[in-house]
Amino acid sequence: MSLHQGPTGALQRPKRWLKPRQQEFLMLLPACVVVALFLLLPFLMSFPISLTNERLIPRPVKFVGLKNYIEVLTDPVFWQALWNVTRFTAMVVPVQCGFALAMALMINQKLPFRNFFRGALFLPAITSMTVVCVIWGTLFQFPTGPLNQIIGFVTFGMAGPVDWLGTESSSMPAIVLLSAWQAYGFQMVVYLAGLQSIPNDLYEAARLDGAKTWGRFRYVTWPGLRQTNIFVIIITTIQAFKLFTQINILTQGGPRDSTNTVVQYMYNVGFVGQKLGLASAVAVILFLIVLAISLLRNATS
Amino acid sequence: MSDNSLLPGESDKFPVIKFVSISVITLVIVSPLFLLVVASLKPDRFQILAEMGSFKAFWVSNPTVQNYLDILTFSGNQPFARYLLNSVFILVATLAGGMLFNSMAAFVLACGGIKGRTLVLTLMIGLYIVPQESIVLPLLNIMNKIGLTDTFAAQILPFWASPLYIFLLYQFFSQIPRDLYDAAVVDGASPFEIYWKVFIPVSLPALATVAILMGIESWNQYLWPLLVTQSNSAKPIAVGIAGFFGADSTYWNLAMAASVVMMAPVLGFYLMFQKWFVSSVISSGVKG
């Protein structure tokens, strides 16, 4: 082989040192090795490790069956963490997606400087979460941070300063606020793409039927965004369940576990506590949660 | 670009109200970033905190670049310049290897004739729902065993291939007309030549999209480097900044200057390639 012949049969090439299929194999190999070693292997390992008492420090490993799962599932802190991410999700999904849709609707209109607004509104989305934590850590400062000052000003000092991140009742809403601020730009541009894929004919028809702004939104835009909505909500939900960076930097799960999350719990057990087996059980549970949400997406679309 | 809110022959009833409200909202949304830049120019953390609650938060009467000089020259517990260099090195190395490996694999999966490529593709698609969070601890265990903890390699090698990017490029390569491939085969080109001389030059937008996603991902990594690095010699910038949050007092002035430095290159690229950034974000959404 290696004698490639054109349809004319006239072309003759010198012998190559590798056959095309061998070359393809070599081109595919590096990526496969990387994925196998650093993604597939740790993923597959998490299942057997979760059935052992393995620790990060090398020591004899013992099979312990489902003991880790029982330990995790009977730990009130784990349930608190799971409840917290559920709470976080229930708050952040409507806030973030709702705001993103509202902004998408606004900048999809005829506006002077529309591209400027679009570019500016996307800025938080390119801000790294670490930077977001620095910014919002200051905004939430107790007792003299800007947020407290604004609230004091608006209420004429009636509402006292709140320790946003340091009070159990306000810590999670505060995390919701900064998370939604950081991430809504993503949903906004996806909604924008969704809005622009709705055919103009439908709006024309609705107008002929006498539909006003609200009617057009209710009967054309909203149904037209069905697929976009499902997509955006599922993605946001999955991201919400993986909440970690902002928690780790700003609250470490506190105060009194009110912002603890599944990933922070896993980090505490597995990295701080060095209990790899136990943490792997949490990892498997996290994977199953994400898998379930992904399957939900397939079922609805 | 279609404009669904207003139809031909229809007049906008509230143009001024709309314009004012979007302006106010945009101002509120962007103000925290503005505040960050202003605060980073204030001389110390006490002034930052003291002026936080008033309009002085948005103004600095005595601007100084001292915080920037401090973080970039300080070499004690928080050698920020070192973190910055680490991040840049990790970014460049990740991009170099990652772009090559991902695009080569995607090319073979899309156009190659090798046996088992559908199996590999299915496996890749299946793997991209595995969240990074659920594999990091076993991965840390692997790195422990092969002695790669606290190295650059541990922060680069795992990101040289990713099912998401392979899939994005695979989708793009699949849309390139088959004739182009066949014509190159007729000319006697080998698979690598077709990939390098035919497919890569026509795929620059897709490659740019993936490069942006990969770059942002690498630059913002937090959980993995937090686990796998211990010493300052390997820590990236995100983990370094988190170190400014102290148990007793946070060095807001340094944290803010560091944040501006971390954000500046991203912002620069964003301003230059805004369209590609936005399309990158949309295409990353296929990850479920």
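Figure 1. The buried residues of α1(B) are covered by elements of both chains, including α3 (76–107), α4 (114–121) and α5 of chain A and α2 (45–51), α3 (66–73) and α14 of chain B. The covered residues are Ile22(B), Thr26(B), Ile29(B), Pro32(B), Leu33(B), Leu36(B), Ala39(B) and Ser40(B). Buried means that 20 or more other C-beta atoms lie within 10 Å of the residue's own, exposed that 12 or fewer do, and partly exposed in between, with C-beta atoms placed from the backbone. Helices (DSSP H or I, at least four residues) and strands (E, at least two) are runs numbered from the N terminus. This is a predicted model, in which local features need pLDDT of at least 70, side-chain atom pairs count only at pLDDT 80 or more, and totals for chains, interfaces and linings use all residues. Residues are numbered from 1 along each chain as its sequence is written, while chains are lettered from A and ligands numbered from 1 in the order in which they are written.

**Figure 2. Length and bend of α1(B).** Helix α1 of chain B (residues 15–40) has 26 residues, and its first and last C-alpha atoms are 37 Å apart, close to the 38 Å expected at 1.5 Å a residue. The expected span is 1.5 Å times one less than the number of residues. A bend of about 40 degrees occurs at Ser31(B), with the proline Pro32(B) following within four residues. The bend at a residue is the angle between axes fitted to the seven residues ending there and the seven starting there.

**Figure 3. The contact between chain A and chain B.** In this interface 92 residues of chain A are in contact with 84 residues of chain B; contact requires C-beta atoms, placed from the backbone, within 7 Å. Helix α1 of chain A (residues 20–49) gives the largest share of the chain A side, 21 residues. By class, the side of chain A that touches chain B holds 59 nonpolar, 24 polar and nine charged residues. Ala, Val, Leu, Ile, Met, Phe, Trp, Tyr, Cys and Pro count as nonpolar, Asp, Glu, Lys and Arg as charged, and the others, Gly among them, as polar.

Figure 4. Chain B has 15 helices and zero strands. Its radius of gyration is 24 Å, well over the 19 Å that the globule rule gives for 288 residues, so chain B is more spread out than a compact globule. The radius is taken over C-alpha atoms, and the rule is 2.2 Å times the number of residues to the power 0.38. The C-alpha trace of chain B spans about 70 × 70 × 30 Å along its principal axes, and 43% of the 288 residues count as buried. The division is into domain 1 (1–64) and domain 2 (80–284), with bounds from an automatic or database domain assignment. The C-alpha centres of these domains of chain B lie 32 Å apart. Nine residues from domain 1 and seven from domain 2 make the contact. On the domain 1 side, α1 and α2 of chain B each give two or more residues, and α1(B) has the largest share, four residues.

**Figure 5. Helix α11 of chain B.** The 17 residues of α11(B) (residues 204–220) should span 24 Å at 1.5 Å a residue, and the end C-alpha atoms are 24 Å apart, which agrees. Buried residues in this helix include Ala206(B), Val210(B), Leu213(B), Met214(B), Ile216(B) and Trp219(B). Their cover includes α5 (129–139) of chain A, together with α4 (80–111), α8 (163–175), α13 (237–242), α14 (252–272) and α15 (274–284) of chain B. Pro205(B) also belongs to α11(B) but is exposed, with 12 other C-beta atoms within 10 Å. The C-alpha atoms of Pro205(B) and Ser280(B) are separated by 9.8 Å, at 75 residues apart along the chain.

**Figure 6. Ala258(B) in helix α14.** Ala258(B) is found in α14 of chain B and is buried, with 29 other C-beta atoms within 10 Å. Not counting residues up to four places away in sequence, Ala258(B) touches Ile71(B), Phe80(B), Ile241(B) and Phe244(B). Tyr68(B) is 190 residues from Ala258(B) in sequence and 7.3 Å away in space, C-alpha to C-alpha.

**Figure 7. Two loop residues of chain A with positive phi.** Phe113(A), not a glycine, has a phi of about 60 degrees and sits in the loop between α3 and α4 of chain A. Phe113(A) is partly exposed, with 13 other C-beta atoms within 10 Å. Gln252(A), in the loop between α11 (245–250) and α12 (262–272) of chain A, has a phi near 50 degrees.

Terms used: Two residues are in contact if their C-beta atoms, placed from the backbone, lie within 7 Å.
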